[in-house]
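Trainee: Please take a close look at the aromatic pairs. Which rings pair up, and what surrounds them?

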Amino acid sequence: MTRATIDGADIRVPATILGVGLGGFVDGILLHQVLQWHHLLSSTNTDRIGVKYYPVDTVPGLRMNTLWDGLFHTVTWVAVLTGLALLYARVTRSRGRLWRSPALWGWALVGWGLFNLVEGLVDHQILGIHHVRTGPHQLWWDLGFLALGVVLVLIGWAVQRRASAVDVRAPERR
């Protein structure tokens, strides 16, 4: 017998994974491609781990950065697919109710915020392989990225806390 409801705890992990993937897509599409502020390896001339420098103003450097951006996008795409697959497995009826649920979008915001925090701490601060925006104020851009991550986690947490259980047996209203 299928359970009658899905609560926030049932979708916490899949929605968070979905949020990580979506947050990665926003970073990759907006900051890497549209604004072109950085690429995955664009600060390896000043990194902390000794990765060969691939300057983005040369064709070979841009090719290598584009390759690594593509690998990054592949990982974020897999995260989105994983989150969706896990959600699909947990909710077998009334999926429309789930998509309207604050629990789903709250946990997705938590995931996006966690993406910013992990990526900002690991890639920007610990490894130093790239920064949000290089230049004289790059630390402030990096700290802003981390602050955005904290804000997204807090907003997501607040949103999911106000969510009620989703009745997955009730028929969809048209």
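Mentor: Start with the count: this structure holds four aromatic pairs. Keep in mind that the model is predicted. A pair of aromatic rings is described by the distance of the centres and the angle of the planes.

Take Trp37 and Trp141. Their rings sit 4.7 Å apart, centre to centre, with 65° between the planes. The pair counts as edge-to-face because its angle of 65° is over the 60 degrees required. This pair links distant parts of the chain. Trp37 lies in the loop between helix H1 (8-34) and helix H2 (59-90). Trp141 belongs to helix H5, residues 138-161.

Trp37 has a relative accessible area of 23%, so it is partly exposed. Trp141 is also partly exposed, at 35% relative accessibility.

Now turn to Phe72 and Phe115. This aromatic pair is tilted. The centres are 6.1 Å apart and the planes make an angle of 45°. Here too the pair links distant parts of the chain. Phe72 is in helix H2, and Phe115 is in helix H4, residues 102-127. They are 43 residues apart. Both Phe72 and Phe115 are buried.

Next, the nonpolar cores. The largest has 11 residues, among them Ile11, Leu18, Val80, Leu87, Leu104, Trp107 and Val110. H1, H2 and H4 each supply at least two residues of this core. H4 gives the largest share, four residues. A second, separate core has six residues. Phe72 from the tilted pair is one of them, and Leu31, Val132 and Phe145 are also included.

What is the burial state of Leu41? Its relative accessible area is 8%, so Leu41 is buried. Which residues does Leu41 touch, leaving out those up to four places away in sequence? They are Val51, Tyr54, Met64, Asn65, Trp68 and Ile129.

To recap, the edge-to-face pair is Trp37 with Trp141. The tilted pair is Phe72 with Phe115. Trp37 is partly exposed, while Phe72 and Phe115 are buried.

Note on methods. Residues numbered from 1 in each chain as written. Predicted model: local features only at pLDDT ≥ 70, side-chain atom pairs only at ≥ 80, totals over all residues. Heavy atoms only, no water. Phe/Tyr/Trp six-rings, centres within 6.5 Å; stacked < 30°, edge-to-face > 60°. Buried < 20%, exposed > 50% of the residue type's maximum accessible area, 1.4 Å probe, protein only. Core = buried A, V, L, I, M, F, W, Y, C linked by side-chain atoms within 4.5 Å. Contact = heavy atoms within 4.5 Å.
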